[in-house]
Amino acid sequence: MMLDQNDFIPFHLPSLGKEEEDAVLRVLRSKWLTTGKETLAFEQEFSSFMEKATTKSIASLAVNSASSGLQLAMEACDVGPCGKILTTPYTFVSTATSACHLGGGVVYADLGKDSYNIDPDAMEKKLQEHKDIKALVPVHIAGLPCNMKAINDLSKKYNIPVIEDAAHSFPSKTQDGYAGTLGDIGVFSFYATKTITTGEGGMICTSNPEYAERIKKMRMHGIDRPVWDRYTSKKASWEYDVVASGYKFNLPDILSAIGRVQLAKAEDLLNRRIKIAQIYNAAFKEYDFLQIPPDGEGNSWHIYVLRIIPEKLSIDRNQFTELLQKEGIGVSMHFIPHFNMSYFKKNF
(Lines give C-alpha, C1' and ligand atoms only; values in the text may rest on other atoms or scores of the structure.)
Protein backbone atom coordinates (compact mmCIF):
# COMPACT_ATOMS: atom_id res chain seq x y z
CA MET A 1 0.00 0.00 0.00
CA MET A 2 1.47 3.36 -1.08
CA LEU A 3 1.03 6.34 1.23
CA ASP A 4 0.93 9.98 0.22
CA GLN A 5 3.50 12.14 2.02
CA ASN A 6 0.68 13.97 3.77
CA ASP A 7 -0.91 10.77 5.09
CA PHE A 8 -0.49 9.43 8.60
CA ILE A 9 1.91 6.46 8.67
CA PRO A 10 0.15 3.80 10.79
CA PHE A 11 1.99 1.67 13.32
CA HIS A 12 1.42 -1.37 11.12
CA LEU A 13 0.00 -2.42 7.76
CA PRO A 14 -0.23 -6.08 6.73
CA SER A 15 1.59 -7.09 3.56
CA LEU A 16 -1.21 -8.56 1.47
CA GLY A 17 -1.63 -8.94 -2.28
CA LYS A 18 -3.62 -10.56 -5.04
CA GLU A 19 -2.42 -14.03 -4.01
CA GLU A 20 -4.24 -13.73 -0.67
CA GLU A 21 -7.38 -12.43 -2.40
CA ASP A 22 -7.34 -15.35 -4.83
CA ALA A 23 -6.90 -17.81 -1.96
CA VAL A 24 -9.96 -16.45 -0.14
CA LEU A 25 -12.05 -16.57 -3.32
CA ARG A 26 -10.98 -20.17 -3.88
CA VAL A 27 -12.37 -21.13 -0.47
CA LEU A 28 -15.59 -19.16 -0.94
CA ARG A 29 -16.21 -20.90 -4.25
CA SER A 30 -15.57 -24.30 -2.69
CA LYS A 31 -18.61 -23.80 -0.37
CA TRP A 32 -16.63 -25.22 2.59
CA LEU A 33 -15.99 -22.27 4.91
CA THR A 34 -15.06 -23.72 8.29
CA THR A 35 -12.10 -25.91 9.25
CA GLY A 36 -11.33 -28.37 6.46
CA LYS A 37 -8.86 -29.22 3.72
CA GLU A 38 -7.25 -25.76 3.65
CA THR A 39 -6.51 -25.87 7.35
CA LEU A 40 -5.12 -29.40 7.09
CA ALA A 41 -2.85 -28.25 4.27
CA PHE A 42 -1.78 -25.16 6.25
CA GLU A 43 -0.86 -27.36 9.22
CA GLN A 44 1.12 -29.77 7.05
CA GLU A 45 2.96 -26.95 5.28
CA PHE A 46 3.75 -25.26 8.60
CA SER A 47 5.17 -28.52 9.97
CA SER A 48 7.32 -28.93 6.86
CA PHE A 49 8.63 -25.40 7.27
CA MET A 50 9.54 -25.92 10.94
CA GLU A 51 11.12 -29.32 10.30
CA LYS A 52 13.66 -27.76 7.90
CA ALA A 53 15.69 -26.64 10.93
CA THR A 54 15.36 -29.69 13.19
CA THR A 55 15.53 -33.47 13.15
CA LYS A 56 12.35 -33.69 15.22
CA SER A 57 8.94 -34.50 13.78
CA ILE A 58 6.70 -31.48 14.41
CA ALA A 59 2.91 -31.60 14.74
CA SER A 60 1.24 -28.28 13.86
CA LEU A 61 -2.29 -27.54 15.08
CA ALA A 62 -4.11 -24.45 13.81
CA VAL A 63 -6.21 -22.43 16.26
CA ASN A 64 -8.28 -19.24 16.16
CA SER A 65 -5.72 -17.21 18.18
CA ALA A 66 -2.43 -17.52 19.99
CA SER A 67 -4.34 -16.85 23.22
CA SER A 68 -6.43 -19.97 22.56
CA GLY A 69 -3.26 -21.83 21.70
CA LEU A 70 -1.63 -20.90 24.99
CA GLN A 71 -4.69 -22.03 26.91
CA LEU A 72 -4.71 -25.38 25.10
CA ALA A 73 -0.97 -25.82 25.68
CA MET A 74 -1.32 -25.03 29.37
CA GLU A 75 -4.29 -27.38 29.74
CA ALA A 76 -2.22 -30.16 28.18
CA CYS A 77 0.50 -29.45 30.77
CA ASP A 78 -1.97 -29.73 33.70
CA VAL A 79 -2.15 -26.02 34.52
CA GLY A 80 -5.33 -25.57 36.55
CA PRO A 81 -6.72 -24.80 40.01
CA CYS A 82 -3.74 -26.53 41.65
CA GLY A 83 -1.08 -25.27 39.25
CA LYS A 84 0.62 -22.10 38.07
CA ILE A 85 2.76 -20.91 35.19
CA LEU A 86 6.08 -19.10 35.52
CA THR A 87 6.42 -16.26 33.03
CA THR A 88 7.43 -12.63 32.50
CA PRO A 89 5.39 -9.53 33.45
CA TYR A 90 6.62 -7.86 30.24
CA THR A 91 4.26 -9.41 27.68
CA PHE A 92 0.72 -9.14 26.36
CA VAL A 93 -1.93 -10.01 28.94
CA SER A 94 -3.02 -13.32 27.36
CA THR A 95 0.28 -14.98 28.31
CA ALA A 96 -0.99 -14.83 31.90
CA THR A 97 -4.78 -14.80 31.50
CA SER A 98 -4.63 -18.07 29.54
CA ALA A 99 -3.63 -19.73 32.82
CA CYS A 100 -6.31 -17.80 34.71
CA HIS A 101 -9.03 -19.12 32.37
CA LEU A 102 -8.04 -22.62 33.51
CA GLY A 103 -8.31 -21.64 37.17
CA GLY A 104 -4.54 -21.50 37.48
CA GLY A 105 -2.20 -18.87 38.84
CA VAL A 106 0.79 -16.88 37.64
CA VAL A 107 4.28 -16.46 39.09
CA TYR A 108 6.48 -13.76 37.58
CA ALA A 109 10.25 -13.67 37.11
CA ASP A 110 12.15 -10.52 36.18
CA LEU A 111 13.85 -9.66 32.89
CA GLY A 112 17.55 -10.05 32.26
CA LYS A 113 19.90 -7.09 32.43
CA ASP A 114 19.83 -5.08 29.18
CA SER A 115 17.19 -7.46 27.84
CA TYR A 116 13.44 -7.56 27.32
CA ASN A 117 13.39 -11.35 27.77
CA ILE A 118 12.93 -13.34 30.96
CA ASP A 119 16.04 -14.08 33.06
CA PRO A 120 16.71 -17.82 33.65
CA ASP A 121 18.46 -17.07 36.98
CA ALA A 122 15.37 -15.19 38.18
CA MET A 123 13.24 -18.11 37.00
CA GLU A 124 15.21 -20.57 39.12
CA LYS A 125 14.74 -18.44 42.24
CA LYS A 126 10.97 -18.55 41.67
CA LEU A 127 11.07 -22.31 41.06
CA GLN A 128 12.73 -22.74 44.43
CA GLU A 129 10.04 -20.63 46.11
CA HIS A 130 6.96 -22.08 44.38
CA LYS A 131 6.41 -25.84 44.21
CA ASP A 132 3.11 -25.68 42.28
CA ILE A 133 4.49 -24.40 38.96
CA LYS A 134 3.30 -26.65 36.12
CA ALA A 135 4.79 -24.90 33.09
CA LEU A 136 7.60 -22.49 32.21
CA VAL A 137 6.36 -19.90 29.71
CA PRO A 138 9.19 -17.80 28.22
CA VAL A 139 8.17 -15.09 25.73
CA HIS A 140 10.42 -14.25 22.77
CA ILE A 141 9.85 -10.50 23.00
CA ALA A 142 9.84 -8.61 19.68
CA GLY A 143 11.06 -11.77 17.95
CA LEU A 144 14.40 -12.19 19.73
CA PRO A 145 14.59 -15.73 21.18
CA CYS A 146 15.08 -16.20 24.92
CA ASN A 147 18.02 -18.13 26.36
CA MET A 148 16.36 -21.46 25.63
CA LYS A 149 19.39 -23.56 26.54
CA ALA A 150 19.29 -22.27 30.11
CA ILE A 151 15.49 -22.51 30.27
CA ASN A 152 15.51 -26.09 28.96
CA ASP A 153 18.12 -26.94 31.57
CA LEU A 154 15.70 -25.67 34.24
CA SER A 155 12.96 -27.74 32.63
CA LYS A 156 15.03 -30.91 33.00
CA LYS A 157 16.24 -30.07 36.50
CA TYR A 158 12.75 -29.41 37.89
CA ASN A 159 10.84 -31.75 35.53
CA ILE A 160 8.53 -28.97 34.30
CA PRO A 161 7.56 -28.57 30.60
CA VAL A 162 8.35 -25.45 28.56
CA ILE A 163 5.64 -23.65 26.61
CA GLU A 164 7.20 -21.06 24.30
CA ASP A 165 5.08 -17.98 23.74
CA ALA A 166 6.36 -17.57 20.20
CA ALA A 167 3.74 -15.03 19.14
CA HIS A 168 6.46 -12.63 17.96
CA SER A 169 9.02 -15.08 16.71
CA PHE A 170 8.17 -16.52 13.34
CA PRO A 171 10.47 -17.38 11.63
CA SER A 172 13.17 -17.02 14.31
CA LYS A 173 15.80 -19.55 13.28
CA THR A 174 18.53 -20.61 15.71
CA GLN A 175 21.25 -23.25 15.47
CA ASP A 176 18.96 -25.59 17.45
CA GLY A 177 15.89 -25.01 15.29
CA TYR A 178 13.12 -22.46 14.98
CA ALA A 179 11.82 -20.73 18.09
CA GLY A 180 8.58 -22.47 18.94
CA THR A 181 10.19 -25.90 18.49
CA LEU A 182 12.89 -25.50 21.16
CA GLY A 183 10.71 -26.33 24.18
CA ASP A 184 7.91 -28.86 24.64
CA ILE A 185 5.17 -26.78 22.99
CA GLY A 186 5.35 -23.55 20.97
CA VAL A 187 2.50 -21.16 20.22
CA PHE A 188 2.53 -18.70 17.31
CA SER A 189 0.24 -15.76 16.53
CA PHE A 190 -1.13 -14.78 13.12
CA TYR A 191 -2.90 -11.65 14.39
CA ALA A 192 -3.10 -8.73 11.96
CA THR A 193 0.16 -7.14 13.15
CA LYS A 194 2.29 -10.30 13.21
CA THR A 195 5.10 -11.36 10.86
CA ILE A 196 2.65 -13.46 8.87
CA THR A 197 -1.07 -12.97 9.29
CA THR A 198 -4.42 -14.67 8.83
CA GLY A 199 -6.22 -11.66 10.34
CA GLU A 200 -6.88 -13.66 13.49
CA GLY A 201 -5.36 -17.04 14.23
CA GLY A 202 -2.45 -19.02 15.58
CA MET A 203 -0.54 -22.29 15.42
CA ILE A 204 0.59 -24.73 18.10
CA CYS A 205 3.72 -26.81 17.45
CA THR A 206 4.92 -29.81 19.42
CA SER A 207 7.05 -32.90 18.91
CA ASN A 208 5.26 -34.67 21.79
CA PRO A 209 2.51 -36.98 20.41
CA GLU A 210 0.59 -37.00 23.72
CA TYR A 211 0.39 -33.21 23.84
CA ALA A 212 -0.60 -33.13 20.17
CA GLU A 213 -3.41 -35.63 20.64
CA ARG A 214 -4.78 -33.84 23.71
CA ILE A 215 -4.69 -30.42 22.03
CA LYS A 216 -6.29 -31.79 18.85
CA LYS A 217 -9.31 -33.00 20.84
CA MET A 218 -9.60 -30.05 23.19
CA ARG A 219 -9.58 -27.37 20.49
CA MET A 220 -12.90 -28.71 19.13
CA HIS A 221 -15.26 -29.40 22.05
CA GLY A 222 -13.42 -32.56 23.12
CA ILE A 223 -14.96 -34.41 20.16
CA ASP A 224 -13.07 -37.50 19.07
CA ARG A 225 -13.54 -36.89 15.32
CA PRO A 226 -12.73 -33.83 13.20
CA VAL A 227 -15.80 -31.86 12.13
CA TRP A 228 -14.87 -32.02 8.44
CA ASP A 229 -14.56 -35.82 8.71
CA ARG A 230 -18.03 -36.12 10.26
CA TYR A 231 -19.61 -34.11 7.45
CA THR A 232 -17.65 -35.50 4.51
CA SER A 233 -17.14 -39.16 5.40
CA LYS A 234 -19.31 -41.84 3.73
CA LYS A 235 -19.54 -43.52 7.13
CA ALA A 236 -22.29 -42.51 9.57
CA SER A 237 -21.44 -38.84 10.02
CA TRP A 238 -23.60 -38.40 13.13
CA GLU A 239 -21.53 -40.82 15.20
CA TYR A 240 -19.01 -39.18 17.51
CA ASP A 241 -18.02 -39.13 21.15
CA VAL A 242 -17.12 -36.29 23.53
CA VAL A 243 -14.11 -37.43 25.55
CA ALA A 244 -13.43 -34.17 27.44
CA SER A 245 -14.93 -30.75 28.13
CA GLY A 246 -13.20 -28.96 25.28
CA TYR A 247 -13.31 -25.58 23.56
CA LYS A 248 -14.25 -23.97 20.21
CA PHE A 249 -10.75 -22.90 19.16
CA ASN A 250 -10.48 -24.12 15.52
CA LEU A 251 -9.22 -22.03 12.57
CA PRO A 252 -11.58 -21.69 9.55
CA ASP A 253 -10.45 -22.50 6.01
CA ILE A 254 -10.87 -18.89 4.82
CA LEU A 255 -8.17 -17.76 7.26
CA SER A 256 -5.99 -20.81 6.64
CA ALA A 257 -5.99 -20.02 2.91
CA ILE A 258 -4.52 -16.59 3.68
CA GLY A 259 -2.02 -18.23 6.03
CA ARG A 260 -0.77 -20.62 3.36
CA VAL A 261 0.06 -17.70 1.05
CA GLN A 262 1.69 -15.75 3.88
CA LEU A 263 3.75 -18.78 4.89
CA ALA A 264 5.20 -18.97 1.38
CA LYS A 265 6.26 -15.31 1.71
CA ALA A 266 7.63 -15.61 5.27
CA GLU A 267 11.35 -15.61 4.48
CA ASP A 268 11.07 -12.74 1.99
CA LEU A 269 9.13 -10.70 4.55
CA LEU A 270 11.80 -11.48 7.15
CA ASN A 271 14.57 -10.25 4.85
CA ARG A 272 12.66 -7.01 4.29
CA ARG A 273 12.29 -6.47 8.05
CA ILE A 274 16.01 -7.11 8.60
CA LYS A 275 16.90 -4.45 6.02
CA ILE A 276 14.50 -1.96 7.62
CA ALA A 277 15.94 -2.67 11.08
CA GLN A 278 19.45 -2.06 9.76
CA ILE A 279 18.35 1.30 8.35
CA TYR A 280 16.75 2.23 11.68
CA ASN A 281 19.82 1.15 13.65
CA ALA A 282 22.13 3.27 11.51
CA ALA A 283 19.85 6.30 11.83
CA PHE A 284 19.06 6.11 15.54
CA LYS A 285 22.44 5.15 17.00
CA GLU A 286 23.60 8.77 16.56
CA TYR A 287 21.18 10.01 19.23
CA ASP A 288 22.06 9.65 22.92
CA PHE A 289 18.40 9.87 24.00
CA LEU A 290 17.52 6.72 22.06
CA GLN A 291 18.48 3.11 22.77
CA ILE A 292 18.23 0.76 19.81
CA PRO A 293 16.87 -2.75 20.37
CA PRO A 294 19.05 -5.70 21.41
CA ASP A 295 19.84 -8.08 18.57
CA GLY A 296 20.93 -11.69 18.41
CA GLU A 297 20.60 -15.07 16.75
CA GLY A 298 17.26 -15.71 15.12
CA ASN A 299 15.75 -12.24 15.58
CA SER A 300 12.54 -12.07 13.53
CA TRP A 301 12.33 -8.28 14.00
CA HIS A 302 8.59 -8.44 14.62
CA ILE A 303 8.69 -5.19 16.61
CA TYR A 304 11.38 -2.51 16.52
CA VAL A 305 11.53 -1.56 20.22
CA LEU A 306 13.07 1.90 20.44
CA ARG A 307 13.71 2.88 24.04
CA ILE A 308 13.52 6.54 25.08
CA ILE A 309 16.07 7.75 27.66
CA PRO A 310 14.09 10.56 29.36
CA GLU A 311 17.09 11.81 31.37
CA LYS A 312 18.56 13.00 28.08
CA LEU A 313 15.41 14.95 27.12
CA SER A 314 13.39 17.87 28.47
CA ILE A 315 10.19 15.88 27.88
CA ASP A 316 9.05 12.42 28.99
CA ARG A 317 8.36 9.30 26.91
CA ASN A 318 4.64 9.96 26.47
CA GLN A 319 5.21 13.54 25.34
CA PHE A 320 7.84 12.29 22.89
CA THR A 321 5.45 9.76 21.34
CA GLU A 322 2.67 12.36 21.17
CA LEU A 323 4.97 14.61 19.15
CA LEU A 324 5.77 11.72 16.79
CA GLN A 325 2.07 11.10 16.23
CA LYS A 326 1.48 14.80 15.53
CA GLU A 327 4.16 14.49 12.85
CA GLY A 328 2.17 11.64 11.27
CA ILE A 329 4.24 8.73 12.61
CA GLY A 330 2.24 5.95 14.25
CA VAL A 331 3.76 4.24 17.31
CA SER A 332 2.67 1.75 19.95
CA MET A 333 3.73 0.88 23.50
CA HIS A 334 5.26 -2.57 24.07
CA PHE A 335 4.53 -3.52 26.80
CA ILE A 336 2.71 -2.17 29.83
CA PRO A 337 3.98 -4.54 32.57
CA HIS A 338 1.30 -6.68 34.22
CA PHE A 339 2.06 -5.27 37.67
CA ASN A 340 0.72 -1.89 36.47
CA MET A 341 -2.70 -3.36 35.61
CA SER A 342 -5.59 -3.58 38.05
CA TYR A 343 -6.44 -7.26 37.55
CA PHE A 344 -2.89 -8.47 38.15
CA LYS A 345 -2.35 -6.08 41.08
CA LYS A 346 -5.44 -7.50 42.76
CA ASN A 347 -4.86 -11.19 42.08
CA PHE A 348 -1.06 -11.63 42.00
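1. Ground rules. Since this is a prediction, local features need pLDDT of at least 70 and side-chain atom pairs count only at pLDDT 80 or more, while totals for chains, interfaces and linings use all residues. Residues are numbered from 1 along each chain as its sequence is written, and side-chain values use heavy atoms, with hydrogens and water left out.

2. The second largest pocket. It has a volume of about 430 Å³. Of its 22 lining residues, the closest to the centre are Cys146, Asn147, Met148, Lys149 and Leu182. (A pocket is an open set of points on a 1 Å grid over the protein atoms alone, with protein on both sides within 12 Å along at least five of seven lines; a cavity is a set of points where a 1.4 Å probe fits but cannot get out; lining residues have an atom within 4 Å of a point. Points are joined across faces, edges and corners, and a volume is the space filled by probe spheres set on them.) Helix 6 (residues 148-158) gives the most to this lining, with three residues. Helices (H or I, at least four residues) and strands (E, at least two) are DSSP runs, numbered from the N terminus. By type, the lining splits into seven nonpolar, ten polar and five charged residues; here Ala, Val, Leu, Ile, Met, Phe, Trp, Tyr, Cys and Pro count as nonpolar, Asp, Glu, Lys and Arg as charged, and the others, Gly among them, as polar.

3. Met148. This residue belongs to helix 6. Met148 counts as buried because its relative accessible area is 6% (buried is under 20%, exposed over 50%, partly exposed in between, with a 1.4 Å probe and protein chains only). Its C-alpha is 7.6 Å from that of Gly183, 35 residues apart along the chain.

4. Cavities. The whole structure has two of 30 Å³ or more. The largest holds about 80 Å³, and its lining has eight nonpolar, three polar and no charged residues; among them are Tyr116, Ile141, Ala142, Trp301 and Ile303.

5. Backbone spots to look at. Most residues other than glycine have a negative phi, and most peptide bonds are trans. Phe170 and Pro171 are joined by a cis bond, omega about -5°, and Pro171 sits in the loop between strand 5 (163-165) and strand 6 (173-174). His334 to Phe335 is also cis, with omega near -5°; Phe335 is in the loop between helix 10 (317-326) and helix 11 (342-347).

6. Positive phi. Ala142 has phi near 65°, lies in the loop between strand 4 (133-137) and helix 6, and is buried at 9% relative accessibility. Asn159 has phi of about 55°, lies in the loop between helix 6 and strand 5, and is exposed at 71%.

7. Surface patch. Leu25, Leu28 and Leu33 make a nonpolar patch with about 230 Å² of accessible area together. (Patch residues have over 30% relative accessible area and no salt bridge; like charges are joined within 9 Å, nonpolar side chains (Val, Leu, Ile, Met, Phe, Trp, Tyr) within 5 Å. A salt bridge is a side-chain nitrogen of Lys or Arg within 4 Å of a carboxyl oxygen of Asp or Glu. Areas come from the Shrake-Rupley method with a 1.4 Å probe; for residues, only the protein chains shown count as cover.) Leu25 is in helix 1 (residues 18-30) and partly exposed at 35%.
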